[in-house]
Amino acid sequence: MKELAGRLAAVDPDAGAAVRVIAYFDRLTETRAGLEALVRGAAVLSGCPARLVDAERRVGMRVEPDGRRVAADGLPDPGWPSAPLVPGGPPALWLERAPAGPSVVDAVILERAASAVRSVLDRTRGRAPAPPVDDPALVETVLDATAPVRTRLHAARGLGLDTADPAARARVVVTPQGPPRIRAATGDTARGRAAGLDLPPGRVGIGPAVPLPELPRSWAAARTALRFTAEGSAQDPGQRVVRAEELGGIALLADLVAPGAAPPPDVLAVEAAAADAPWMLRTLHAVVSTPSLRAAAAEAGVHHSTLQDRLTHAEHLLGWPVRSPQGRFRLQLALAMRHLARGQAPSAAVDGG
């Protein structure tokens, strides 16, 4: 094969390169190479990052042309050269380069790599059946920290999660009503952000991406994140969607403010100020959620001087300044505690979300 590739290269460089690609993947297939080796081969041979995403089997990986496996950043670009794993199926293997016209070598790399990947997946994982999406009984088992790990992993397999891959990650998504949802984290960005999640409307708390046996921890964090969410209205301004990993140390407040208990004094001060003027809460939220007072004025939809007048009035009602760093931080904590002091916490029961 090497001699044939050399002869072809002398006549047609693309043909010679294509033969070398075929020989390369034939060797990997004969040695029963794994998925990462196949995707690495596609990256090295093409000279650009290669990405595999098989949503049906919950498989995803990205490899740089120097052979390093790295986290995928964002979703695949539809313009990248790609190939399906099955004829007529959706794209599953990409070469991350801008299209520059038809490339024989890229086409051969994709075809041979996709064929080899399909063989490995069929051999090791089979065709994934359509899972019973968000089956309440399976979800309850997966999130039950008292259940044996083997039992939880069996339930996770029933939900379509890839329990055979030790690198598999998933996260829990919760809302004020309805059961929690478990979502594979194969589309996450390098920073662990949930990319392309299909989120329900309204307030949503998102737990961190964790190994499958640790999903009860993601569920607990998601319920905490939900407590920090807001309706996004004039009387309840704030983020509708909160990710647990973005809370940092402020998540500790959730242990200090019990839902339905007597609100802390600063929360009472905010409520009293809110009762004085319909613009109060949205204005205060703009102050703590923007980098400057001018940005806060733009966020609140008022002139800078109007904002200054409003803040003078707000400071009088609150009893502390909100334009100093310390006062602004105190206000931020007060608004966060206002969300936490809601009369009802997210239920710990699976069927209550």
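I looked up the buried residues of α7 and found Leu 215, Pro 216, Ser 218, Trp 219, Ala 222, Arg 223, Ala 225, Leu 226 and Arg 227; buried means under 20% relative accessible area, exposed over 50%, partly exposed in between (1.4 Å probe, protein chains only). I took helices as DSSP runs (H or I, at least four residues), numbered from the N terminus. The model is predicted, so local features need pLDDT of at least 70 and side-chain atom pairs pLDDT 80 or more, while totals for chains, interfaces and linings use all residues. Residues are numbered from 1 along each chain as its sequence is written, and side-chain values use heavy atoms, without hydrogens and water.

I then checked the span of helix α7 (residues 215-227). Its 13 residues should span 18 Å at 1.5 Å a residue, and the end C-alpha atoms lie 19 Å apart, which agrees; the expected span is 1.5 Å times one less than the number of residues.

Next I turned to Arg 338, which is found in helix α12 (residues 325-340). Arg 338 is buried because its relative accessible area is 16%. Its side chain makes a polar contact of 3.0 Å with that of Glu 271 (a pair of N or O atoms within 3.5 Å, one able to donate a hydrogen and the other to accept it; residues adjacent in sequence count only if both atoms are side-chain atoms).

Lastly I looked up Arg 32, in the loop between α2 (13-30) and α3 (35-46). Arg 32 is not a glycine, yet has a positive phi of about 55°. At 55% relative accessibility, Arg 32 counts as exposed.

How values were computed. Helices (H or I, at least four residues) and strands (E, at least two) are DSSP runs, numbered from the N terminus.
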